[in-house]
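Here's a quick tour for anyone opening this one for the first time. Have a look, then read on.

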Amino acid sequence: MIDKGNINELAELVPITSLRNLVSDFKVTKGELFLNVKADSLVKTITFLKDDVNFQFEQLIDICGVDYLNREPRFDVVYHLLSISLNQRICVVVQVADKTPIPSAVSVYETAEWYEREVWDMYGISFFGNPDMCKILTESSFNDYPLRKDYPLNGSVKWSYDEKEQRLTAKSVDGII
Amino acid sequence: MVRAVLKNSTLNTMQQTAGGGFFRLVLEVDGENILKATPHIGFSHFGIEKLIENKSYINAVSLLNQEYALVLAIEKLLKIKPSKRAAYIRVLLAELSRIMSHLQTVVSIAEGAGNSTPSYYGAAVQEKIMEFLELAGGSRLHANCLRVGGVYNDLSYGLMEDIVKWLKKDFLCFLDNIDEKLTEDRIFKQRTVGIGTVSSENAIEWGFSGANLRASGSLWDLRKAQPYDVYDELDFEIPIGKYGDCYSRYLVRMAEMRQSVNIILQIIEKIPEDFMIILDDTVATDNEKTVLSHSSKNIDEDYNVPAGQCYESTEAPSGEFGAYLVSDGSNRAYRCKIRTPSFAHLQAVPHVLKGNKIEDINTIISSLGIEAGEVDR
């Protein structure tokens, strides 16, 4: 196990390798390297990061969605990669508009499958190329995307027992939807 | 003669994990061999990430090893560091709860393999550790000790001596007992050696981390590789396995418990006698308030965290536990993604179970240290 690699040295490699054509912007903040890429060059970027000898990011640690409600495009999808052999971390950020599918990372990292399903479940960002693009954490009758900023904490429907119909019915909560 | 054509059958099973919680496992079996396994999760999902977004930073707490990453991430954005003594206390408590978690895993491997006696002894030991955590933080399971900028309180008088006494006298003796009863036990070895084997390459590819990765032969420990708090001042060894089967995972965890004892004994020697600084008292928001209303105001309003984003990870008992925090400058997290190791491990379960037998499911799942509550969040 080697000591933690220098993040600035890694950042210096970005403009001189083939990443320069793929990455639109990069920055080092608080000892972490963030790469901004366009959705169509995402798969190429992470393939390069996984295979190149200077990067060797073998593991996909996490995929995380972030909802910036008033921004256009609305969502960020953040990929956290870890290199065990070089002891480095990197973040790849893709900006996505609402209702726009982005390419799946499953062909590069097998573990992306569940993480992408979670992002789909929580934010409604779909990934094409994922073999099983369905909900993972919420129940199948649940039709909202709970981690979106416009989704209220208490939920958007209220369940109550209807005497006439003799069953549970869902009603929209007034004033929110 | 007409030969009957046998079809593979599909089983719908509910798996209970060692620490409570469920997930559904759909199995396609040929006799007792597993051909395909599909886990379905979400039964204990309670939306902690949404809750954290709607609560101030001080209210977002969880289990000790689990809140560690979040606390580190907030500290990174605030650009503060805990005092030496507080950092040592954090590591001490984290190692105590690592022992507790590994113990749970070890005894549930034994239980899966048909030997339920260790779990009764293990429960007594866990109870003792919970007692220590209760003395340190006020509650048993959700120790609630860590704070941004330090810990909740200094350890009560004589607690450290008690911990040392107990570790040296009772706990090491207990580990020797378990070693004697399980490690060389013929039946236990028959049920674990060569079961649920994961090669080193596969472990990396399937996103393994922590003890499971080490059991497959990769030398990787965040406490050494990317040390946080005072782990760089402590001297400990990283046990690694060779074959990546259930028995290796059991042995790695047993060895790690001994290393945790080693770490705690070092902490007791090295811990400095300085004061602790806790952020709640140091960040004064309004000087005109009296002390009493000041502290309640702090709890209501909390502190603001500068805008920015960062990812911090810790070596939780079951693997890499990470927190990705996005702050917009207010007193609430704009986004807090909790990365749990069990999520990645459970995703690999179909690969690990393939080719194994039905009776080994419990052993394999508990040897991977999977907890349903941690998967679902």
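How many salt bridges are there between chain B and chain A? The count is 5, a salt bridge being a side-chain nitrogen of Lys or Arg within 4 Å of a carboxyl oxygen of Asp or Glu. Keep in mind that this is a predicted model, where local features need pLDDT of at least 70 and side-chain atom pairs count only at pLDDT 80 or more, while totals for chains, interfaces and linings use all residues. Residues are numbered from 1 along each chain as its sequence is written, chains are lettered from A and ligands numbered from 1 in the order in which they are written, and side-chain values use heavy atoms, with hydrogens and water left out.

**Where the chains meet**
- On the chain B side, 44 residues are in contact (heavy atoms within 4.5 Å) with 42 residues of chain A.
- About 4,000 Å² is buried between chain B and chain A, and carbon and sulfur atoms give 58% of that; buried area is the accessible area (1.4 Å probe) that two parts lose on being put together, summed over both.
- One of the salt bridges pairs Lys149(A) with Glu53(B), with the closest N and O atoms 3.2 Å apart.
- By class, the side of chain B that touches chain A has 22 nonpolar, 9 polar and 13 charged residues; Ala, Val, Leu, Ile, Met, Phe, Trp, Tyr, Cys and Pro count as nonpolar, Asp, Glu, Lys and Arg as charged, and the others, Gly among them, as polar.

**Salt bridges overall**
- Over all chains, the count comes to 29 salt bridges.
- Arg74(A) and Asp150(A) make a salt bridge through their side chains, at 3.4 Å from N to O.
- Arg74(A) sits in the loop between E3 and E4 of chain A and Asp150(A) in the loop between strand E7 (127–128) and E8, so this pair ties together parts 76 residues apart in sequence. Strands (E, at least two residues) and helices (H or I, at least four) are DSSP runs, numbered from the N terminus.

- Most residues other than glycine have a negative phi, and most peptide bonds are trans.
- Glu72(A) and Pro73(A) are joined by a cis peptide bond, with omega about -5 degrees.
- Pro73(A) lies in the loop between strand E3 (59–67) and strand E4 (75–83).
- Gln166(A) isn't a glycine, yet its phi is positive, near 60 degrees.
- Gln166(A) is found in the loop between E8 and strand E9 (167–172).
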